[in-house]
Amino acid sequence: MLRTPFSPRLWLMSRRSLSSSPPHDVKRPRLVGLTPDDYRNGVMLAPMVRSGALPTRLFALKHGAKLVWGPEMVDKAILHAERVVDSVSGTISYNGKQERAMFTCHPIEKPYLIFQVGSADPNLAVQASRVVMNDVSGIELNCGCPKPFSTHAGMGAALLTNPDLLCSILSALRRDLPPHISVSAKIRLLPAQEDTLSLVERIVNTGINCLTIHCRTRNMRPREHALIHRLREIVDFVKGLGRDVAVIENGDCVGFKDAQRIRAITGADSVMIATAAEANPTIFSPSPLTSIEDGFILSYLRLCKYLDNHWASTKFCVSQFKDSKSSNKALRAAVIKAKGYSDLGALVGPWTGSDEFASIKAAIDARTTTPPFSLPADESTPSPPEEDTTTTPSGWRGNPDPAVVYEAPLLPANECRLMVPAGVSRQDPGTPTPITFSTAVPLFLSLSDAPGLNKSWAGVASCSGTRW
Ligand SMILES: Cc1cc2nc3c(=O)[nH]c(=O)nc-3n(C[C@H](O)[C@H](O)[C@H](O)COP(=O)(O)O)c2cc1C
């Protein structure tokens, strides 16, 4: 969903001729459903509003993401969308009022694309899913978004405390969608492990294929360390239920090698990445691009133009790319100033987006014979942490739900993603998490004054926010 300042006039001018059928050179993918095994042994691109745009998903697939998730769409928004196909590239747009593209996808990603719906109503969830189901392979219910715009309507993380509704939506999706459309859910941890296990049991029994667990609680901030040590118990619990449901870890993974570490700790079937992929969509590969500014941004811009990606979306995604060294400041500055692709002609030309597209298509087509990088099997048994962080002490009910400092929902990501050990915010780590301070951190302290904290952590406090 695009939530940037938007000019319908400019957008309409930038769009090419539209039709309701794909151009002839786009091969229709086979109608095959995803099985739980398709969710296993992979590194996945997480759902990300704004940042999970079509070009980013295609580059993630090219560089080894096994499956990709689209950004969350609220059921009512997609229900009234008009589906149009770009006659040049084959890009499919679901347009809302004033022909604004709310969700775009492409037939080449369909076998690997999960559509995430935000809903608090089983009927609406099913109807919305039916609108898009011919362009995707799976439907996922978002049960983790903690933003007020989602929770006030009973969607997202609000479902975590309304398991009857949550499970009725999943059951309706499974019952009313065709069997080749897989159904999955993405949740967060509850403060107490025993409550998480009860919820997971109910969810798994709805017949879904996959459950993604973002290892933070609803009130934890993005820069607090995910509580991945709590996941092993949950993974084993799901296996013990005897249902064929894949469990995906989400939280804090920074790339393919890191996914192996996380898998060894958690036993999860796969690992899902959001923030690190937002900064570098190639990190799914064992050898990702290390310099984003040298070449990748140019390729990205070219592909975006070819796909007729809305300029505001392209600009936002490029602004989220991060490089260890800033080697092409001129390009960055030009993108910030540009009002459209045509303003970048001198720096980017020639616009060889069709070549970029062809190389992505070739990489995706090659998957039928050569699978993307697989995570090695989970054979290692990691040594237990010094403290037992996997089980919840009896009687622990979690912290009361404190007021969360909500920020603008679309706060630019990554500006100061420094990880904070869970517990620093004193929100609700739920299960005791080892923190490195010898002195307890007082509740309302100024982080810059905290013992053992360096100055940069003060910035963490000022840019902290809740994220999905
Ligand atoms: C820019 C951005 C947008 C997000 N949008 C969604 C979303 O639409 N649906 C969702 O379930 N989670 C969303 N999330 C949360 C991520 O999917 C993920 O759960 C979270 O960032 C933790 O993963 P990480 O530690 O790899 O960042 C978003 C995260 C970011 C950074």
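Leaving aside neighbours within four places in sequence, which residues is Ile273 in contact with?

A: Bear in mind that this is a predicted model. Once the neighbours within four places in sequence are set aside, Ile273 is in contact with Val43, Leu45, Ala46, Cys253 and Ile283. Ile273 also belongs to the largest nonpolar core, which has 113 residues. Along with Leu170, Ile203 and Leu211, Ile273 is among the residues with the most contacts inside that core. As for where the core comes from, helix 11 supplies the largest share of it, 8 residues.

Helix 11, residues 292-306, packs against helix 15, residues 353-365, with the two axes 7 Å apart and an angle of about 95° between them. An angle from 65 to 115 degrees counts as roughly perpendicular, so that is how helix 11 sits relative to helix 15. On the helix 11 side, the contact is made by Ser299, Arg302, Leu303, Lys305 and Tyr306, and helix 15 brings Gly353, Ser354, Glu356 and Phe357.

Now zoom out to the whole chain. The protein chain has 16 helices and 13 strands, and 49% of its 468 residues count as buried. If you take the contacts between residues at least 6 apart in sequence, 75% of them join residues at least 24 apart.

Terms used: Residues numbered from 1 in each chain as written. Predicted model: local features only at pLDDT ≥ 70, side-chain atom pairs only at ≥ 80, totals over all residues. Axes fitted to C-alpha atoms, helices over the stretch in contact; angles between N-to-C directions. Helix = DSSP H or I, 4+ residues; strand = E, 2+ residues; numbered from the N terminus. Parallel < 35°, antiparallel > 145°, perpendicular 65-115°, else oblique. Contact = placed C-beta atoms within 7 Å. Core = buried A, V, L, I, M, F, W, Y, C linked by C-beta atoms within 7 Å. Buried ≥ 20, exposed ≤ 12 C-beta atoms within 10 Å, placed from the backbone.
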